[in-house]
Every structure is written in structure tokens, then in C-alpha cells.
Amino acid sequence: MYTQALDVHGREPVPAAAAEVAAAAARFQARIDADEKIEPKDWMPDAYRQTLIRQISQHAHSEIVGMLPEGNWITRAPSLRRKAVLIAKVQDEGGHGMYLYSAAETLGISRAQMFEQLLSGAAKYSSIFNYPTLTWADVGAIGWLVDGAAIMNQIPICRCSYGPYARAMVRICKEESFHQRQGFEIMLTLARGSAAQHAMAQDALNRWWWPSIMMFGPSDADSKHTAQSMRWKIKRFSNDELRQKFIDITVPQARFLELSIPDPALRWDEATQHFSSGPIDWNEFHAVLKGSGPCNRERLEARRSAHQAGAWVRAAATAHAAKQAARALASQEARQA
């Protein structure tokens with residue numbers, strides 16, 4: 001939806017001399033500071049383009065890989081209604097990935113390149129999707145916590161400086177909001193059910209709380225990209241700011257559910273008017289990012305298998321498009337004859 005007429009990048013002439021580059025960069029930053037949207041054919045620093053490609057493609061990969069943990073439960077959902085809702089949710093996530101791949105393509109990278117980066121392991125996706133879904137309560141915890149954290153991260157991106165990314169996020173955030181409510185409703189049903197159901201909900205919260213907290217990325221002191229991304233208004237808030245907002249909103253929800261946050265150090269700080277939480281195990285976070293999570297290999301293998309199984313579909317679609325283009329060209333030549 002974003003890739004029409006994008007064969008040429010950079011509306012301004014590409015600067016050659018160092019002084020011209022500096023002047024173009026200054027004009028670019030002035031537009032950012034004025035909250036103007038940068039569009040695909042506008043001139044932009046290559047570092048800005050590469051930062052967006054990295055972030056948007058990783059976001060797209062996360063949506064696609066994120067279909068796997070919940071898709072695993074479609075056939076085992078406890079009712080027809082739950083199956084239908086879960087199917088719709090997983091389908092939404094696939095759509096989100098397609099919106100984001102389209103937005104990334106406006107920056108000069110092809111979808112095939114992005115797929116290759118994912119399947120080869122060169123590209124990252126959210127660490128949260130490398131954890132297993134052991135019970136039905138995990139589906140609820142993912143909706144409540146994982147999608148809740150995603151919303152916290154993604155709503156500010158609706159005001160991202162890059163137009164195609166910002167516009168894609170508007171619909172995505174609306175759908176993610178539905179997903180979060182669906183997950184909370186599952187957790188509420190379990191928490192108010194039998195003792196075994198309540199225990200299942202608590203177990204899911206115990207296992208998903210810390211990975212959800214890690215979703216916001218490394219602490220600001222250790223983040224390589226946050227400062228520059230905020231200067232370019234790709235990001236509007238730092239990792240730690242978003243993490244704190246998520247904790248402040250989610251702890252009261254857990255108390256409403258009569259579930260316990262698995263953090264013995266958690267307490268309300270009157271001085272800051274925020275919840276203070278315990279230390280995060282960043283060793284686990286980095287281990288999962290490097291491929292040592294519980295499901296890293298399983299997730300990538302599932303994507304590689306699906307990509308291979310769909311090769312004939314891509315070949316057929318390409319052949320059909322070529323056939324249609326040839327017919328259109330022949331028809332045009334006949335009319336001109």
C-alpha cells in the first residue's frame with residue numbers, strides 16, 4: 001500500500017561535498033524538530049534510513065513470528081467462541097506484519113531481503129516470542145501482558161517522524177487494543193473460576209511477567225540506539241520510561257484480578273508516585289536475543305518450513321503477474337496499432 005511510484009529515493013539532489021551533506025542534514029533535522037513527516041521520496045540521512053529499516057523490519061518479523069505461540073492453541077481453545085476469536089487475532093498479526101513490510105519497502109529494501117535476513121538469523125525479532133505457551137492461560141497472558149506492552153511501545157510510533165510507519169501504526173494499535181482486552185478477559189475468567197483455573201492464571205503471570213518487562217529493550221544506559229532515535233523522533237519515549245508506564249498501569253490490573261506480580265521487591269513509591277520494581281535479569285534477555293531461549297530454534301525452523309512450503313505459491317503468483325502484464329502490454333500495443 002506504500003510502495004507505488006517509489007523507484008527513486010530523495011526528492012532533493014543527493015549532496016556530494018561535506019558542506020552540502022551538513023546543510024542537507026541540518027534542513028532534515030529542522031523538519032524533524034518542526035514535527036513534519038518525512039516521506040519516502042524526501043531526502044534523509046542514510047543512518048536515518050538504516051535505523052528505520054532495522055526497526056520496522058524487526059517489528060514486522062515480530063508480528064509474523066508472534067503468530068506461532070498463539071496459533072499453537074487454535075485447535076485446543078476451550079470453546080468455539082474462543083477458537084473464532086483466536087483465529088481472528090492471529091490473522092490480525094499476519095496483517096500487521098504485511099503493513100510493516102510494506103512500510104519498510106518504501107526505504108529501499110525488498111521484502112525478499114527482509115525474509116532472507118529473518119530466515120538466516122541475521123535479523124532479530126522480539127525476544128518475547130521465544131517462550132513456550134504451556135497452557136490456555138498463556139494465551140490470556142500474552143494478550144494482557146505482551147500485547148499490553150506492545151501497545152505501550154507502539155502508540156507513540158503513531159507520531160513517528162517517518163510517515164509510512166506512523167500511518168501503519170494507527171490501525172495496528174487499534175487492533176492491538178482489542179487483543180489486549182481479549183487477553184485480559186481470558187485472565188479474568190480464569191482468575192474468577194475454580195481454584196485450579198486461578199492457579200493456572202497465576203502460573204502464566206509468573207512465567208510471562210519478566211519477559212514482558214524485557215520487551216521494552218535494554219535499560220537506557222545500555223541502549224545503543226535510543227538517544228539518536230529520540231532525536232529523530234522515531235521514538236518518543238525511552239525504554240525505561242515506557243517500561244515504567246507499563247508497570248504502573250499493569251500492577252493495578254493484576255490486583256483487580258487478585259493475582260500476584262512475581263516481584264518481591266515491587267512497592268509503591270510515594271516520592272516518585274510510581275511503582276518501584278526489582279532488578280531485571282538482563283543475562284536472560286541477552287541469552288534469548290543470541291538464540292538461547294526456550295523456543296528460538298523452534299520458531300525459526302517453523303518460519304523456514306513455512307517459507308519453503310509456500311515457494312510454489314510465490315512462483316505461481318509471480319507467473320500470474322507476468323502473464324497479466326504481458327496481456328496488458330499486448331492490449332496496449334494493439335490499441336496503438
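Reader: Is Trp268 buried, exposed or partly exposed?

Author: Buried means under 20% relative accessible area, exposed over 50%, and partly exposed in between (1.4 Å probe, protein chains only). Trp268 has a relative accessible area of 35%, so Trp268 is partly exposed. Phe275 counts as buried because its relative accessibility is 6%.

Reader: What am I looking at, and how are residues numbered?

Author: This is a predicted model: local features need pLDDT of at least 70, side-chain atom pairs count only at pLDDT 80 or more, and totals for chains, interfaces and linings use all residues. Residues are numbered from 1 along each chain as its sequence is written, and side-chain values use heavy atoms, with hydrogens and water left out.

Reader: What is the mean pLDDT of the protein chain, and where does pLDDT stay under 50?

Author: pLDDT is the predictor's confidence in each residue, from 0 to 100. The chain mean is 93, and 95% of the residues reach 70 or more. Over residues 1-10, pLDDT stays under 50. Where pLDDT is low, the predicted coordinates should not be read in detail.

Reader: How do I read aromatic pairs?

Author: A pair of aromatic rings is described by the distance of the centres and the angle of the planes. Rings of Phe, Tyr and Trp (its six-membered ring) pair if their centres lie within 6.5 Å; planes under 30 degrees apart count as stacked, over 60 as edge-to-face and the rest as tilted. The count here comes to 12 aromatic pairs. In one of them, the ring centres of Phe216 and Phe246 are 5.5 Å apart and the planes are at 50°, so this pair is tilted. The two residues link distant parts of the chain, 30 residues apart: Phe216 is in the loop between helix H8 (195-214) and helix H9 (226-231), and Phe246 is in helix H10 (residues 239-256). Helices (H or I, at least four residues) and strands (E, at least two) are DSSP runs, numbered from the N terminus. Both Phe216 and Phe246 are buried. Trp268 and Phe275 form an edge-to-face pair, because their ring centres are 4.9 Å apart and their planes are at 75°.

Reader: Which residues form one aromatic cluster?

Author: Phe28, Trp43, Tyr48 and Trp232 do.

Reader: Which charged residues sit over rings?

Author: The rule asks for NZ of Lys or CZ of Arg within 6 Å of the ring centre and within 35 degrees of the ring normal. Arg76 lies over the face of Trp73, 3.9 Å from the ring centre. The charged end of Lys245 sits over the ring of Phe237, at 3.6 Å from its centre.

Reader: How many residues are in the largest nonpolar core?

Author: In soluble globular proteins, nonpolar side chains tend to be buried together. A nonpolar core is a set of buried Ala, Val, Leu, Ile, Met, Phe, Trp, Tyr and Cys residues joined through side-chain atoms within 4.5 Å. The largest one has 80 residues, and Tyr48, Ile56, Tyr162, Tyr165, Trp208 and Trp209 touch the most other members. Helix H7 (residues 163-191) gives the largest share of this core, 11 residues.

Reader: Where does Asp35 lie, and what is its phi?

Author: Asp35 is found in the loop between helix H1 (18-33) and helix H2 (46-65). Its phi is near 65°, a positive value in a residue other than glycine. Asp35 counts as partly exposed, at 46% relative accessibility.

Notes:
Contact means heavy atoms within 4.5 Å.
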